[in-house]
Amino acid sequence: CALLRQPLDKISGFSSYLRETERYIRTDEWSKAEVSLKQAAKTWKRLKPYLQIDIDHDYVKEIESNFVLLRGNIETKAKPNSLALILLLQDNWKNIDSM
């Protein structure tokens, strides 16, 4: 997974979508955060098959659960929870090669 994460990230822009979502949450641009999160989730679905070869399926499930929770928090404009979840997703992605 360590060998795949960085090249896949550069090709897909996954980290960029997560950072963009964080920026929109911080500035209360909820509709833009929702669009950006949808792009990140769509990108995740394309990346997931490559990553599942080498990482625990529970870890994948946790990331996907966090996407669902974050979507709900963005829809309700719950800034503290949204920010915590996007930071968690970013951290999980950053450390995915250690899982």
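Analyst: In this predicted model, Gln90 has a relative accessible area of 16% and is called buried.

User: Why is Gln90 called buried?

Analyst: Buried means under 20% relative accessible area, and Gln90, at 16%, is under that cut-off, so the label buried applies. Gln90 is found in helix α5, which covers residues 79-94.

User: What makes the pairing of the side chains of Gln90 and Glu22 a polar contact?

Analyst: The two side chains come to 3.2 Å, and a polar contact needs a pair of N or O atoms within 3.5 Å, one able to donate a hydrogen and the other to accept it.

User: Why is the link between Arg26 and Glu22 called a salt bridge?

Analyst: A salt bridge asks for a side-chain nitrogen of Lys or Arg within 4 Å of a carboxyl oxygen of Asp or Glu; the N to O distance between Arg26 and Glu22 is 2.8 Å, and therefore the pair qualifies. Both residues lie in helix α2, 4 residues apart, which is about one turn of the helix.

User: Are Glu22 and Arg26 buried, partly exposed or exposed?

Analyst: Glu22, at 15% relative accessibility, is under 20% and so counts as buried. Arg26, at 42%, lies between 20% and 50%, and therefore counts as partly exposed.

User: What makes Lys38 count as exposed?

Analyst: Exposed means over 50%, and Lys38 has 53% relative accessibility, so Lys38 counts as exposed.

Terms used
Residues are numbered from 1 along each chain as its sequence is written. This is a predicted model: local features need pLDDT of at least 70, side-chain atom pairs count only at pLDDT 80 or more; totals for chains, interfaces and linings use all residues. Side-chain values use heavy atoms; hydrogens and water are left out. Helices (H or I, at least four residues) and strands (E, at least two) are DSSP runs, numbered from the N terminus. Buried means under 20% relative accessible area, exposed over 50%, partly exposed in between (1.4 Å probe, protein chains only).
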